[in-house]
Amino acid sequence: MSKSNLTRRGVLKTGTLAGAGLAVPTIFTSRAHAFTNEPTGGTVTLGFNVPQTGPYADEGADELRAYELAVEHLNGGGDGGMLNTFSSDALEGAGILGNKVEYVTGDTQTKSDAARASAKSMIEKDGAIMITGGSSSGVAVAVQALCQEAGVIFMSGLTHSNDTTGKDKRANGFRHFFNSYMSGAALAPVLEANYGSDRKAYHLTADYNWGYTTEEAIVSSTEAMGWETVNTVKTPLTQTDFSSYIAPVLQSGADVLVLNHYGGNMVNSLTNAVQFGLRDKMVNGKQFEIVVPLYSRLMARGAGENVKGIFGSTNWHWSLTDAGSKAFVKSFGEKYGFPPSQAAHTCYVQTLLYADAVQRAGSFEPCAVVEALEDFEFDGLGNGPTLYRAEDHQCFKDVLVVKGKENPQSEFDLLEIVEKTPVEQVTYAPDHPQFSGGSLGTCNNGG
Amino acid sequence: MLGLGKKDTLLLGIVAVLTILAPFIFNPFPVNSAMAQFNAGYPDLLQRFVIFGIFAIGYNLLFGLTGYLSFGHAAFLGVGSYAAVWMFKLLSMNVIPAIALSVLTAGLFAVLIGYISLRRSGIYFAILTLAFAQMTYALAYSVLTPITGGETGLQLALSDPRILDGAASAEGNLPVPGLFGLEMRDSVQLAVGDWLFTFSAGYYFSGLVMLLAFYLAIRIFRSPFGMMLRAIKSNQQRVNYTGLNARPYTLAAFVISGMYAGLAGGLMAAMDPLAGAERMYWTASGEVVLMTILGGVGTLIGPVLGAGLIKYMENIVSKINSDILHGWFAFMPDGLEDFIVSIIYPFIGKGWHLTLGIIFMLVVIFLPGGLVEGGQRIARLLRRRKSDKDEDAGQAKTEAAE
């Protein structure tokens with residue numbers, strides 16, 4: 001049993017101790033650096049946070065290849081890739097501001113929690129000054145918020161949901177990849193030209209955030225040109241057999257099926273739809289058609305024969321013939337033996353854009369980098385003239401409408417470019433309803 | 001002391017000292033050395049150690065003490081996180097109300113799920129809890145997107161009301177969870193020679209909560225209520241035949257352990273204000289089972305050790321990539337270097353699950369009592385060697401007497 005000693009001396013003693021204890025946190029507030037992870041000792045560390053396991057592991061592996069290539073080029077190795085075609089010539093292959101570029105890698109597992117844990121360890125343990133990567137919007141949004149709080153720059157990888165630069169945008173986060181709205185705006189005219197303006201569409205949508213924004217974007221842009229939306233059905237993300245969702249499509253009187261699916265979902269639903277013979281049907285006197293808003297090469301490979309003639313949109317494709325794309329495909333191909341995917345492209349470009357912004361700003365300080373990237377116009381990185389808009393940190397550039405190739409020459413040659421939708425057609429106001437409800441806040445230097 | 005026996009006081013004391021010194025213990029290597037890769041003393045991971053420690057301690061009350069294998073405990077963790085983040089959004093960035101609400105919400109959920117699931121035991125109970133957890137996951141992932149944020153997870157926004165301290169968020173950056181002004185992400189760095197130690201406010205706060213949770217667990221273990229739970233574990237039928245109704249006891253154990261999970265979830269949100277649905281996925285529920293078995297089912301300290309080991313593997317081993325391996329073995333001739341790297345490579349980086357699986361198999365086969373049994377065996381070995389010597393001395397004496 002304890003014995004209470006309420007003497008004058010006892011009270012004074014405990015009072016002093018408690019006071020000292022409470023004061024301790026206020027003593028230790030000195031900070032050594034002006035901003036989080038200020039590079040010291042001639043090297044700078046970048047954090048590449050990509051899915052190495054889970055459903056998007058293939059894309060993650062390709063992203064990592066692109067990052068390694070970018071680091072090589074930034075440090076002056078290899079043939080320089082897109083550094084030679086980039087409109088800004090601040091970078092000269094001597095690292096960033098004279099610091100040799102080093103990198104750490106992590107596994108997002110395509111889970112927000114795991115991705116944040118991995119990003120946190122990069123920031124807290126490895127001293128990463130910039131985090132980049134990811135192959136899903138959920139992860140991108142989660143890591144972007146973390147980087148904002150920690151005071152480092154986030155250059156997102158493959159993320160297509162409107163929310164990344166819409167309601168969840170952050171001042172320290174930047175997206176080069178295109179988004180759902182742009183897919184809709186780019187696809188609509190091509191669909192109208194090929195399928196007419198009097199169609200009835202049936203949507204199957206993956207039941208999560210990206211699915212919703214994509215469905216919303218496609219519905220609004222197709223309805224604007226006269227299509228009618230018969231029905232929209234949500235499918236669970238874990239679904240592998242879509243036959244029970246495909247069967248009602250025929251009874252609904254629809255003549256176009258829109259698959260707002262990505263990755264394995266899209267491979268399975270498209271295969272099911274084709275096996276059901278949807279594409280051979282005539283409905284309302286018209287040929288039945290299928291549309292896939294977001295295409296990737298890895299998906300096209302998974303779906304095989306079934307993608308032939310199906311329209312979709314993509315951020316970049318290796319068969320582009322501008323100087324930047326050619327230089328990138330050449331150095332990637334020489335190093336790894338096959339052409340890069342769109343995920344690899346956007347990650348490579350993001351790394352270069354960050355390095356260039358630091359070089360131009362003359363400092364690694366996040367706020368200076370943000371200022372250098374905002375309203376930055378550039379060219380020579382594969383997408384034609386591009387603008388990093390200051391209002392939402394989204395890149396505006398041409399969008400590619402592609403379709404599954406009828407006679408592929410190789411396992412990488414699965415998509416052909418139908419049209420390059422010019423940037424004016426996919427540009428929207430920063431306060432567009434599909435992007436409303438968020439605010440960038442102010443840039444954070446951490447400390 | 002504190003109503004504990006001598007042995008338990010010692011155990012609590014050891015855990016307390018380890019918790020306080022953890023930033024030193026887990027950072028044994030200088031910053032620029034090659035071994036710095038294995039340092040685990042950075043705030044995020046230390047926080048994870050203690051938070052998952054709490055989760056596993058609570059789980060052990062149900063699984064280790066009462067003998068009910070729940071396969072859906074991550075649901076309570078997730079519910080706790082969501083409750084905490086909502087509290088941050090609506091009320092205040094202070095962590096106390098957030099954590100209180102998360103414990104309460106998880107407790108309510110546990111009453112509901114436990115009341116239904118506990119009508120069965122054994123494998124049926126496991127399946128029922130798994131089903132409930134998957135339902136909660138599916139709800140959080142899609143149906144309840146307005147409440148849970150869906151796939152993206154629930155996050156703070158600048159426009160949140162935050163009734164009590166809304167003014168704090170006016171300057172354009174999101175406010176940070178704190179304890180009466182002490183921000184959870186505040187940290188102090190101490191450089192000693194080449195070593196760099198980081199002490200974070202969030203870690204010490206979670207550590208304190210973990211110690212309280214640990215103390216409470218000891219008290220439950222040693223209480224008549226704990227004895228009752230043990231009786232249920234060893235033979236529930238016999239308990240029934242003696243005229244005791246076991247259900248209220250099992251339900252109480254279930255709810256307590258659910259509240260522990262909620263506490264862990266709330267702390268996770270307090271350290272990092274985001275709640276994602278993956279936290280409730282069945283693999284997360286399986287992970288806490290692994291932690292408990294790996295550390296030692298039914299022991300006090302075991303689950304904490306198991307949680308630490310798994311989180312260490314997940315965060316440290318998974319980050320070793322082939323470049324780092326090549327760096328380690330650079331002193332070897334080229335062919336040999338590539339050979340060694342290609343042998344080790346499948347076990348590190350993304351292959352960390354493989355390594356964890358091997359360790360788990362070895363532990364289950366050779367140390368059925370988990371890491372705690374390993375420690376006990378070593379201790380026994382040392383003691384026996386000592387007592388052997390004593391006995392030898394004794395025998396020599398008797399021989400001499402003959």
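Figure 1. For a chain of 447 residues, a compact globule would come out with a radius of gyration near 22 Å, and chain A has 25 Å, which agrees. Everything shown in these views comes from a predicted model. Along its principal axes, the C-alpha trace of chain A spans about 95 × 60 × 35 Å. As for what it is built from, chain A has 13 helices and 17 strands. Burial is worth a look too: 56% of the 447 residues of chain A count as buried. If you take the contacts in chain A with a separation of 6 or more, 72% of them are between residues 24 or more positions apart.

**Figure 2. Domain 1 and domain 2 of chain A, and where they touch.** The domain assignment of chain A puts residues 43-178 + 318-397 in domain 1 and residues 181-314 in domain 2. Where they meet, 13 residues of domain 1 of chain A are in contact with 14 residues of domain 2 of chain A. On the domain 1 side of this contact, α2 (57-74) and α4 of chain A each bring in at least two residues. Sorted by class, that side of domain 1 of chain A has three nonpolar, seven polar and three charged residues.

Figure 3. Which way do the side chains of β4(A) point? In this strand, residues 153-156 of chain A, I153(A) and M155(A) point one way, while F154(A) and S156(A) point the other way. Buried or exposed, these four? All are buried.

**Figure 4. The partners of β4(A).** Strand β3 of chain A (residues 130-133) runs parallel to β4(A), and four bridges join them. In that pairing, T132(A) has M155(A) of β4(A) as its bridge partner. Follow the chain through helix α4 of chain A (residues 137-150) and you have a right-handed β-α-β unit, made of β3(A), α4(A) and β4(A). Strand β5 of chain A (residues 173-175) pairs with β4(A) as well, again in the parallel sense, over three bridges. Here S156(A) stands opposite R175(A) in β5(A).

Figure 5. Zoom in on β13(A) and strand β14 of chain A (residues 386-388), and you find three bridges in the antiparallel sense. One pair to look for is F378(A), which stands opposite T386(A) in β14(A).

**Figure 6. Chain B against chain A.** How many residues of chain B are in contact with chain A? There are 32 of them, in contact with 34 residues of chain A. On the chain B side, α2 (43-66) and α5 (122-143) of chain B each supply at least two residues. The largest share of that side, four residues, comes from α2(B). By class, the side of chain B that touches chain A has 11 nonpolar, 13 polar and eight charged residues.

Methods:
Residues numbered from 1 in each chain as written. Chains lettered and ligands numbered in written order. Predicted model: local features only at pLDDT ≥ 70, side-chain atom pairs only at ≥ 80, totals over all residues. Rg over C-alpha atoms; globule rule 2.2 N^0.38 Å. Buried ≥ 20, exposed ≤ 12 C-beta atoms within 10 Å, placed from the backbone. Contact = placed C-beta atoms within 7 Å. Pairing = 2+ DSSP bridges. Right-handed = clockwise from strand over helix to strand, strands pointing away. Domains from an automatic or database assignment. Nonpolar A, V, L, I, M, F, W, Y, C, P; charged D, E, K, R; others polar.
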